[in-house]
Amino acid sequence: MAEDSVLNTLDQKDIIAILGKGSEFDGKLTFEGAVKIDGRFTGQVYSKGTLIIGENAKVKAEIAVSTVVIQGEVSGNIKAPNCVELHAPARLIGNLMTPTLLIQKGVIFEGNTIMESE
């Protein structure tokens, strides 16, 4: 993992909610702070905080959050005005709009990227 990765700077106590492994949710998620998804999520995610998509997660959503860290599977477009991090074994199918992008070796990314600040 990169030394300046969001995962390295975020403490577990900073995570305000977890959609745990084996759980499923369909709808619109809005939050403040940091949220981790380890289960299945379908819908929309909006926040000025941090979204962590765990290794076991399967997400099909339109995502607009400040920072996104992906380790699991995501299908959908992402708009993140701070940064997007893709950590192995992440799989992303969708388009990205972010000024800062980190992609580790072993990640699968199929889509387009627009890297400009808003």
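Trainee: Are D38 and K36 buried or exposed?

Mentor: Buried means under 20% relative accessible area, exposed over 50%, and partly exposed in between, with a 1.4 Å probe and protein chains only. D38 is buried, and K36 is buried as well. The model is predicted, so local features need pLDDT of at least 70 and side-chain atom pairs count only at pLDDT 80 or more, while totals for chains, interfaces and linings use all residues. Residues are numbered from 1 along each chain as its sequence is written, and side-chain values use heavy atoms, with hydrogens and water left out.

Trainee: What joins the side chains of D38 and K36?

Mentor: Side chains of opposite charge can pair when their charged atoms come close. A salt bridge here is a side-chain nitrogen of Lys or Arg within 4 Å of a carboxyl oxygen of Asp or Glu. D38 and K36 form one, at 4.0 Å from N to O.

Trainee: How many salt bridges does the structure hold?

Mentor: It holds three. Another is between E73 and K58, with an N to O distance of 3.0 Å. E73 lies in strand β8 (residues 73-75) and K58 in strand β6 (residues 58-64), so this pair ties together parts that are 15 residues apart in sequence. Helices (H or I, at least four residues) and strands (E, at least two) are DSSP runs, numbered from the N terminus. E73 is partly exposed at 37% relative accessibility, and K58 is partly exposed at 33%.

Trainee: Which residue does R91 meet in a salt bridge?

Mentor: R91 meets E110, at 3.8 Å from N to O. R91 belongs to strand β11 (residues 91-93) and E110 to strand β14, so the pair ties together parts that are 19 residues apart in sequence. Both ends are partly exposed: R91 has a relative accessible area of 32%, and E110 has 42%.

Trainee: What should I look for around a charged residue without a salt bridge, such as E85?

Mentor: E85 sits in strand β10 (residues 83-86). E85 is buried and has no salt bridge; K36, the nearest side chain of opposite charge, is 12 Å away. The side chain of E85 does have a polar contact of 2.7 Å with that of H87. A polar contact is a pair of N or O atoms within 3.5 Å; within protein, one must be able to donate a hydrogen and the other to accept it, and residues adjacent in sequence count only if both atoms are side-chain atoms.

Trainee: Which way do the side chains of strand β3 point?

Mentor: In a regular strand the side chains alternate between the two faces of the sheet. In β3 (residues 34-37), A34 and K36 point one way and V35 and I37 the other, and all are buried.

Trainee: How many bridges join β3 to β5?

Mentor: Two strands pair if DSSP finds at least two bridges between them. Four bridges join β3 to β5 (residues 50-53), and the two strands run parallel. Within this pair, A34 stands opposite T50.

Trainee: Which residues does T67 touch?

Mentor: Contact means heavy atoms within 4.5 Å. Not counting residues up to four places away in sequence, T67 touches V6, G49, T50, L51, N82 and C83. T67 lies in strand β7 (residues 67-70) and is buried at 4% relative accessibility. A61, in strand β6, is also buried, with a relative accessible area of 4%. With residues up to four places away in sequence again left out, A61 touches F41, G43, Q44, S75, G76 and N77. A61 and F41 are 20 residues apart in sequence, and their C-alpha atoms are 7.4 Å apart.

Trainee: Where is K105 found?

Mentor: K105 is in the loop between β13 (101-103) and β14 (108-110). K105 is exposed, with a relative accessible area of 81%.

Trainee: What is the peptide bond from A88 to P89?

Mentor: That bond is cis, with omega near 10°. P89 is in the loop between β10 and β11.

Trainee: What does the secondary structure of the protein come to?

Mentor: It comes to one helix and 15 strands. Buried residues make up 41% of the 118 residues.

Technical notes. Lys and Arg count as positive and Asp and Glu as negative; His and the chain ends are not counted.
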